[in-house]
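Thanks for coming, everyone. Let me put the structure up, and then I'll walk through it.

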Amino acid sequence: MSFKTDIEIAREADKQPIQEIGAKLGIPTEHLIPYGHDKAKVGQEFINSLETRADGKLILVTAINPTPAGEGKTTTTVGLGDGLNAIGKKAAIAIREASLGPCFGMKGGAAGGGYAQVVPMEEMNLHFTGDFHAITSAHNLLAAMIDNHIYWGNELGIDQRRVVWRRVLDMNDRALRDTVTSLGGVANGYPRQTGFDITVASEVMAILCLAQGLVDLQTRLGDIIVAYTRAR
């Protein structure tokens with residue numbers, strides 16, 4: 001007896017328009033920021049309107065090792081959400097966005113599995129709404145600004161040996177863990193040893209998750225330590 005693969009099940013799913021999903025959760029259409037027909041972000045104005053509403057009940061699915069069949073945190077979470085809705089509870093699930101690194105590694109996708117998965121599975125596992133790309137760009141912009149500052153006189157007196165802000169890429173690539181940058185001549189800056197981390201390990205990512213609002217986001221970003229001077 002053969003069973004359908006996760007991707008076959010996902011592609012055959014009868015997806016509802018995201019506006020209908022929002023309506024089931026009590027989110028008016030005008031507060032949805034659509035990304036196509038089956039994905040959307042929820043506007044901040046609507047989120048702020050919930051502050052006076054009584055808290056619901058939270059069930060935390062903690063980290064577990066997946067079974068050989070791939071039943072892990074996400075599969076359990078999706079199945080639990082489906083089960084609660086099936087018995088008449090008003091339940092929604094919250095899971096993290098997938099990183100391309102684990103998706104193309106041994107771990108695989110992050111949308112669940114079988115009939116307990118989130119769709120559109122392929123889009124969620126790849127680029128989704130583009131947040132990871134934005135975080136990667138913001139992080140690497142700061143890295144470029146540091147090197148540019150050093151190149152144009154280093155007014156802050158940054159010790160090039162003690163720059164702690166590495167670049168990031170949303171991919172597992174061991175060849176980039178430790179690198180030497182700015183090779184190729186005077187026009188390319190001062191060579192130094194650095195490397196790449198995965199985007200999900202970026203401090204910008206952590207700050208985005210923890211920030212309480214735009215002002216808090218700006219404050220936390222401004223407090224990042226990127227390098228040290230020669231002074232001890």
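First, the ground rules. This is a predicted model, where local features need pLDDT of at least 70, side-chain atom pairs count only at pLDDT 80 or more, and totals for chains, interfaces and linings use all residues. Residues are numbered from 1 along each chain as its sequence is written, and side-chain values use heavy atoms, with hydrogens and water left out.

Confidence. pLDDT is the predictor's confidence in each residue, from 0 to 100. The protein averages 92, and 100% of the residues score at least 70. Helices (H or I, at least four residues) and strands (E, at least two) are DSSP runs, numbered from the N terminus. Among these elements, helix α5, residues 100-103, has the lowest mean pLDDT, 86. Strand β6, residues 167-169, has the highest, 97.

Now the core. A nonpolar core is a set of buried Ala, Val, Leu, Ile, Met, Phe, Trp, Tyr and Cys residues joined through side-chain atoms within 4.5 Å. Buried means under 20% relative accessible area, exposed over 50%, partly exposed in between, with a 1.4 Å probe and protein chains only. The largest core has 14 residues; Ile-146, Ile-158, Val-163, Trp-165 and Val-226 have the most contacts inside it. Helix α7 gives the largest share, five residues. Take Ile-158. Beyond its neighbours within four places in sequence, Ile-158 is in contact (heavy atoms within 4.5 Å) with residues including Ile-146, Val-163 and Tyr-228.

Next, helix α8, residues 203-210. Which of its residues are buried? Val-204, Met-205 and Ile-207. They sit on the same side of α8, because they cover an arc of only 165° around the axis; that arc is taken from the directions from the helix axis to the C-beta atoms. Their cover includes α7 (131-151) and α9 (214-222).

There is one aromatic pair. The ring centres of Tyr-151 and Trp-152 are 5.0 Å apart with planes at 85°, so the pair is edge-to-face. The cut-offs: centres within 6.5 Å, using the six-membered ring of Trp; planes under 30 degrees apart are stacked, over 60 edge-to-face, the rest tilted. Tyr-151 is partly exposed at 29%; Trp-152 is exposed at 66%.

Last, the backbone. Most residues other than glycine have a negative phi, and most peptide bonds are trans. Val-119 and Pro-120 are joined by a cis bond, omega about 5°. Phe-128 has phi near 50° and Asn-154 about 55°. Asn-154 lies in the loop between α7 and β5 and counts as buried, at 17%.
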